[in-house]
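Please look through the sequence and the model below before reading on. The report that follows takes up a strand, the cores, some charged residues and a few backbone details.

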Amino acid sequence: MGTSRASEQRMHDYRVYGGVLRTSMEFPALPGSAGRKPDWILREVRDLPPLDGATPVGEEKIGWYRGRPIRAALHRSATAYRLAFHHIGTYELAREGPNILWCPGPEASLEAAQQLLLGRVLSLALHLRGILCLHGSAAALGEEAVAFLAPKSYGKSTLAMALVRAGGRLITDDTLPVGRDPPLAFPGVHAIRLRSDSAARVAEVPGKEASAIGMKLEVTQFGRDQICLDPVPLAALYLLAPRKAEPGVVSVSRERIPAVPAALALVSHTKLGGVLGGTEAVTVLELATALASQTAVYGLQLPWGFDGLDEATDTLLSWHQDDALEAAVSAGTP
């Protein structure tokens, strides 16, 4: 399985996505964990031998790195999954047990390795445990979570940041794992990546440059009362649909999406996207169908840009205060 360098490096334990990650990489934005058996153990190796009997699962372009496109390709064998990122390196996940191997490519950087690990690699690890990972941002409003799903540059991170600024708590940005029975939003990295104009508009502190994959600013300075360390019951998933403001039209509105089209929409917003094909895609559809049957999925229409951001924030707070009150009345809670 290659030559390990773990013995030469100090290992750290971190809480992330409802589990514990043991790795030599340092993640200042992740809370530490002590006294718990790790769910995943990442070790760096100098090489990976051929994966016997491996078959391709899926491949897709995921972004840009140093001016060139990055493609992710997934292969599967009887013993492991291997996720390769062109130019950067390869991760291998054991089908059984906690082990993840990381073999850097010739153009690897620590920042890129960290970003990929916390994104698609751990999303794959969670998928293997039957947990659906979505490309979205989530915040807690009181004792329940709301999540935002959308393509890049639609404003999901900006909206989550605005809710945190308005008194909510950050659950995760970019990678959203959702547990089952009942649906729970698992906390991820307590950092939000924003474009410079969004950061200037909604962040209370300046972000630092985050340019490994894509050019954004990363906001990491959150108070203890602004983050969630434990899973939060998921009240609603919102599919963002920005539009031009029109006179006489309600600026911010939501419409409940029926279960079947909601499940198909969730599939289109999975973190691993086209990398999961064949039987893995069937599993994703089953997980999305189960989630859509248990959680409200809405289309959220709001003005494009910053013009309607304050109204959207206030409206979401109002909706979920009302929803919480109705639930308490139904349960007979004073």
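In strand E10, the side chains of Glu-144, Val-146 and Phe-148 point one way while those of Ala-145, Ala-147 and Leu-149 point the other way, and all of these residues are buried. The model is a predicted one, and in it strand E10, which spans residues 144-149, has 6 of its 6 residues buried, so the strand is largely enclosed by the rest of the structure.

Two strands pair with E10 in the lines of bridges described here. Strand E9, made of residues 132-141, pairs with E10 in the antiparallel sense over 6 bridges, and within this pairing Gly-136 has Leu-149 of E10 as its bridge partner. E9 and E10 together form a hairpin with 2 residues between them, and Gly-142 in the turn has a positive phi of about 70°. Strand E17, residues 232-243, runs parallel to E10 and is joined to it by 5 bridges; Ala-145 has its bridge partner in E17, namely Leu-234.

In soluble globular proteins, nonpolar side chains tend to be buried together. Here the largest nonpolar core has 67 residues, of which Phe-85, Tyr-91, Leu-117, Leu-122 and Leu-237 touch the most other members. Helix H1, which covers residues 110-127, gives the most to this core, with 10 residues.

What surrounds Phe-85, leaving aside residues up to four places away in sequence? Phe-85 touches Ile-62, Ile-70, Arg-71, Ala-72, Tyr-91, Leu-116, Arg-120 and Val-121.

Glu-60 is found in strand E4, residues 55-65. Glu-60 is buried and yet has no salt bridge, the nearest side chain of opposite charge being that of Arg-120, 4.2 Å away. A salt bridge is counted within 4 Å. The side chain of Glu-60 does reach the backbone nitrogen of Gly-274, at 3.3 Å. Not counting residues up to four places away in sequence, Glu-60 touches Ile-70, Arg-71, Ala-72, Arg-120, Leu-272, Gly-273, Gly-274 and Val-275.

**Salt bridges**

Side chains of opposite charge can pair when their charged atoms come close. The structure holds 11 salt bridges, and the table sets out some of them.

| Asp-230 | Arg-15 | 3.0 Å |

Arg-129 is partly exposed, with a relative accessible area of 45%, whereas Asp-39 counts as buried at 15% relative accessibility. Arg-36, Asp-39 and Arg-129 are linked in a network of salt bridges.

Lys-271 counts as buried, at 6% relative accessibility, while Asp-174 counts as partly exposed at 31%.

**Backbone details**

Most residues other than glycine have a negative phi, and most peptide bonds are trans. Asp-174, although not a glycine, has a positive phi of about 80°, and its loop runs between strand E11 (169-172) and E12. Asp-181 also has a positive phi, near 50°, and is a residue other than glycine; Asp-181 is found in the loop between E12 and E13 and counts as exposed, at 59% relative accessibility.

Which kind of peptide bond joins Asp-181 and Pro-182, cis or trans? The bond is cis, with omega at about 0°, and Pro-182 lies in the loop between strand E12 (175-179) and strand E13 (184-185).

Note on methods. Residues numbered from 1 in each chain as written. Heavy atoms only, no water. Core = buried A, V, L, I, M, F, W, Y, C linked by side-chain atoms within 4.5 Å. Buried < 20%, exposed > 50% of the residue type's maximum accessible area, 1.4 Å probe, protein only. Helix = DSSP H or I, 4+ residues; strand = E, 2+ residues; numbered from the N terminus. Contact = heavy atoms within 4.5 Å. Pairing = 2+ DSSP bridges. Lys, Arg positive; Asp, Glu negative; His and termini not counted. Polar contact = N/O pair within 3.5 Å; in protein donor to acceptor, adjacent residues only side chain to side chain.
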